[in-house]
Amino acid sequence: MHVTHLSLADFRSYARVEVPLGPGVTVFVGANGQGKTNLVEAVGYLATLGSHRVSSDAPLVRMGAERAVVRAAVTNGERSQLIELELNPGRANRARINRSSQVRPRDVLGVVRSVLFAPEDLALVKGDPGERRRFLDELVTARSPRMGGVRSDYDRVLKQRNTLLKSAAMARRHGGRSMDMSTLDVWDQHLASVAAEVLAQRLDLIAVLQPLTDKAYGDVAPGGGPVTLEYRSSLGEGVLPGRSREELYAQTTAALAAARKQEIERGVTLVGPHRDDLLLGLRGMPAKGYASHGESWSYALALRLASYELLRAEGSEPVLVLDDVFAELDARRRERLAELVAPAEQVLVTAAVDDDVPEVLKGARYAVAAGEVERL
């Protein structure tokens, strides 16, 4: 799989830009703040419906514009598709595939698959659990695009349930009538049903990702492992790979029942996939807090390399994006990473300094300055 053309309108710093692309390596070189990351961010958005830099769409729309458009031509084997996303902050986004307007944005998921390496990846190891949950869910959706809808369903049900819990908490604090708990029972069933699907997919992912991550860490930092991935569930013990959806549903409903009193007191859902974490182990110790800066970087790189190998093994090869990564690495890790990713079908690289990019990745070159992209 590779992107053959990228077109942006009112996206980030670009009023309009057209960038022809091809298989192999493409490097965007430019000083910080000139717009090179905006280009690869757009590719990542097409793959995940989200940005690796911000949590909402509003910052992606150019100042003064009402909407932004990201369009790309994509080739996968002998099949070519044109996909387009229109970003409308405060309103529903729109999507088109091959100029058909009868699609939802989430229908675009799976047309482009990408694995993105960025300085923000250090948060996978050092950051809060939300970073690792997002990593898992984006990779789950890349493997199975229908999970984008499941994630949306979970967020919707969770929001409704939290609204009910908040109302119950307010009523209790102010001595009002108690809420009809049968309503909450219904939302418990909805939440448990969707949560079981999310959990099953996450657990299956971790089972196959673990050996790939351990191998990738050894490739990036020879002799530095082993590494382990362990799912920590808010449901308690027993949430392990291999559990059926029926078992996970039962565990979730039991945990919700046990936590109900505390949830009503606090007005928020305390158990479920939105409260879980992925524990990263290194040589038998938690990587967070124990790994050095270099080891943390190696771990983050290993997670991305493992993601790439998994997606490649299960379908079309994803686009690899390396956003300002080489400046963060020492010379040994820089060369090792470059050697590992160079054989990919398409590699998009951004760098402030051309010399930071290892020789093995010297491919097509674009200079990016003041919103202009020029082929060198």
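Tutor: One definition before we start: two strands pair if DSSP finds at least two bridges between them. Keep in mind, too, that this is a predicted model.

Student: Thanks! Which residue in strand 2 is the bridge partner of L6?
Tutor: Begin with the two strands: strand 1 and strand 2 run antiparallel and are joined by 6 bridges. They form a hairpin with 2 residues between the strands, where R12 takes a positive phi near 55 degrees. Within this pairing, the strand 2 partner of L6 is V19.

Student: What is the strand order of the open sheet of 6 strands?
Tutor: The pairing in this open sheet is antiparallel. Its edge strands, each pairing on one side only, are strand 2 (14-20) and strand 7 (100-103). Neighbouring strands are turned by 20 degrees against each other on average, direction ignored. Reading across the 6 strands, the order is 2-1-4-5-6-7.

Student: At what angle does the direction of helix 1 stand to that of strand 1?
Tutor: Helix 1 (residues 36-48) packs on the sheet. There it touches strand 1 (2-11), strand 2, strand 4 and strand 5. Comparing its direction with that of strand 1 gives about 110 degrees.

Student: How many of the 13 residues of helix 1 are buried?
Tutor: Buried means under 20% relative accessible area. Among the residues of helix 1 that are buried are K36, N38, E41 and Y45. Helix 1 is largely enclosed by the rest of the structure, because the number of its 13 residues that are buried is 12.

Student: How far apart are the end C-alpha atoms of helix 1?
Tutor: Let us work out what to expect. At 1.5 Å a residue, the 13 residues should span 18 Å. The model agrees with that, since the end C-alpha atoms are separated by 19 Å. Just after the helix comes a residue with a positive phi of about 60 degrees, L49.

Student: Let me turn to the aromatic rings. Is the pair of F28 and Y366 stacked or edge-to-face?
Tutor: A search of the whole structure finds 2 aromatic pairs, and F28 with Y366 is one of them. This pair links F28 in strand 3 (residues 24-29) to Y366 in strand 14 (residues 364-369), 338 residues apart, and both residues are buried. The ring centres are 5.5 Å apart and the planes make 25 degrees, which makes the pair stacked.

Student: And how is the pair of Y217 and Y299 classed?
Tutor: Y217 lies in helix 5 (residues 181-220) and Y299 in helix 8 (residues 293-314), so the pair ties together parts that are 82 residues apart in sequence. Y217 counts as buried at 1% relative accessibility, and Y299 is buried with a relative accessible area of 0%. With ring centres 5.9 Å apart and planes at 65 degrees, the pair is edge-to-face.

Student: How is helix 8 oriented against helix 9, roughly parallel or roughly antiparallel?
Tutor: The axes of helix 8 and helix 9 (residues 331-341) are 12 Å apart, and the helices pack at an angle of about 5 degrees. Residues that meet here include L301 and L305 in helix 8, and L337 and L340 in helix 9. Angles under 35 degrees count as roughly parallel. Helix 8 is therefore, relative to helix 9, roughly parallel.

Student: Last one: is G130 buried or partly exposed?
Tutor: G130 lies in helix 3 (residues 129-143). Its relative accessibility is 30%, so G130 counts as partly exposed.

Notes:
Residues numbered from 1 in each chain as written. Predicted model: local features only at pLDDT ≥ 70, side-chain atom pairs only at ≥ 80, totals over all residues. Heavy atoms only, no water. Helix = DSSP H or I, 4+ residues; strand = E, 2+ residues; numbered from the N terminus. Buried < 20%, exposed > 50% of the residue type's maximum accessible area, 1.4 Å probe, protein only. Axes fitted to C-alpha atoms, helices over the stretch in contact; angles between N-to-C directions. Contact = heavy atoms within 4.5 Å. Phe/Tyr/Trp six-rings, centres within 6.5 Å; stacked < 30°, edge-to-face > 60°. Expected span 1.5 Å × (residues − 1). Parallel < 35°, antiparallel > 145°, perpendicular 65-115°, else oblique.
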